[in-house]
Amino acid sequence: MQATSTPDQAEAPPAVKSRSFKRAFADVREAWDHRELWGHLGWQDIKQRYRRSVIGPLWITISMGTTALALGLLYSVLLGAELPAFLPYITAGFIVWNFILGCITEGTDVFIANEGLIKHLPAPITVHVMRMVWRQILFLLHNLVIYVIVMLIFFGTLSEPYRMTENGPLQPGLSWTIALAIPGFVLLAVNAVWVSLLFGVISTRFRDIPPVVNSFINLVFFMTPIVWDASILTKVTKGNPDDGAWRMWIAELNPVYHFVEIVRAPMLGHTVDWHHWAIVGGFTVVGWLLALVILRNYRARVSYWV
């Protein structure tokens, strides 16, 4: 005899699929709505790190200035570059690279480091990523003090067309195009979020990923034109005029080079080739698609993996 349901009996709620792109988009959207939370936490991270320090976060600026000055003096001699043009190049490159480096290395550890908050704070997991990226933005703003000082010192050289090396390309010099560094950095920050989401979730599941990334990132630094100029790859050897063409691919096949260039080039009055923007735009679209797939499939498991 079949059981019949009574009118007073409540119907069971429909099953909700935890794996859906709607939930993945909602996680990112809700994280943005919580910007007051991650903005405050990111600022508190910096205050906590330099608590009881006399000059506080200015240690970030001093460290950046010392490194840029030392490497600028060294590599300007090794590469035969003009110091008034090369020192700003290294300074701007280091500022952008430190932001990328911080987002990648801390991104692999972003969920592991926030285990307590993830288990006890009912918030989207993207909040922890945006907190980390915001913290790196604050570091970058501190480092921009060195950029401003260097540009004021060498403004006379950079305000006119100049070359970094004797046979290097002629750069147009500083102009209104310096404003292009702003959309370039916005693209950089947008990509930092998906990179941290992707590496953060994978590293939470597979704990061998962070040390692998930390080791590999050192190779990426030396392969990226930061302390050297990409134009030296096009120099030809005597008697072989086609020798330099293929070597430019060493830089072109490195995606970090394009991300650095869309920010650094406008800061120095260099010409930014359109293909840098196209490549970064392509990585932005593909990267966010991958990050949303990861959020769709594994966002609910992060709290169990940490």
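In helix α3, the residues Met64, Thr67, Ala68, Leu69, Leu71, Gly72, Leu73, Tyr75 and Ser76 meet Leu83, Phe86, Leu87, Ile90, Thr91, Phe94, Ile95 and Asn98 of helix α4, where contact means heavy atoms within 4.5 Å. By class, this contact of α3 with α4 has twelve nonpolar, five polar and no charged residues (Ala, Val, Leu, Ile, Met, Phe, Trp, Tyr, Cys and Pro count as nonpolar, Asp, Glu, Lys and Arg as charged, and the others, Gly among them, as polar). The model is predicted, so local features need pLDDT of at least 70 and side-chain atom pairs count only at pLDDT 80 or more, while totals for chains, interfaces and linings use all residues. Residues are numbered from 1 along each chain as its sequence is written, and side-chain values use heavy atoms, with hydrogens and water left out.

Two packed helices are described by the angle between their axes and the distance between the axes. The axes of α3 (residues 58-78) and α4 (residues 83-107) come within 9 Å and cross at roughly 135 degrees. That makes α3 oblique to α4 (angles under 35 degrees count as roughly parallel, over 145 as roughly antiparallel, 65 to 115 as roughly perpendicular and the rest as oblique). The crossing of α3 and α4 is right-handed.

The crossing of α9 and α13 is left-handed. Residues of α9 including Leu187, Trp194 and Val201 meet residues of α13, among them Trp277, Phe283 and Tyr298. The contact of α9 with α13 has 17 nonpolar, four polar and no charged residues.

The structure holds eight aromatic pairs (ring centres within 6.5 Å; planes under 30 degrees apart count as stacked, over 60 as edge-to-face and the rest as tilted). The rings of phenylalanine 86 and tyrosine 89 have centres 5.8 Å apart and planes at 25 degrees, so this pair is stacked. Both residues lie in α4, three residues apart, about one turn of the helix. Phenylalanine 86 is buried, at 1% relative accessible area (buried means under 20%, exposed over 50%, partly exposed in between, with a 1.4 Å probe and protein chains only). Tyrosine 89 is also buried, at 2%. One aromatic cluster is formed by Phe94, Trp97, Phe221 and Phe222.

Glutamine 136, in helix α7 (residues 126-153), counts as buried at 4% relative accessibility. Residues up to four places away in sequence aside, glutamine 136 touches Asn98, Phe99, Gly102, Cys103 and Glu106.

Note on methods
Axes are lines fitted to C-alpha atoms, for helices over the stretch in contact, and angles run from 0 to 180 degrees between N-to-C directions. Helices (H or I, at least four residues) and strands (E, at least two) are DSSP runs, numbered from the N terminus. A crossing is left-handed if the near helix is turned anticlockwise from the far one by less than a right angle, and right-handed if clockwise. Rings of Phe, Tyr and Trp (its six-membered ring) pair if their centres lie within 6.5 Å; planes under 30 degrees apart count as stacked, over 60 as edge-to-face and the rest as tilted.
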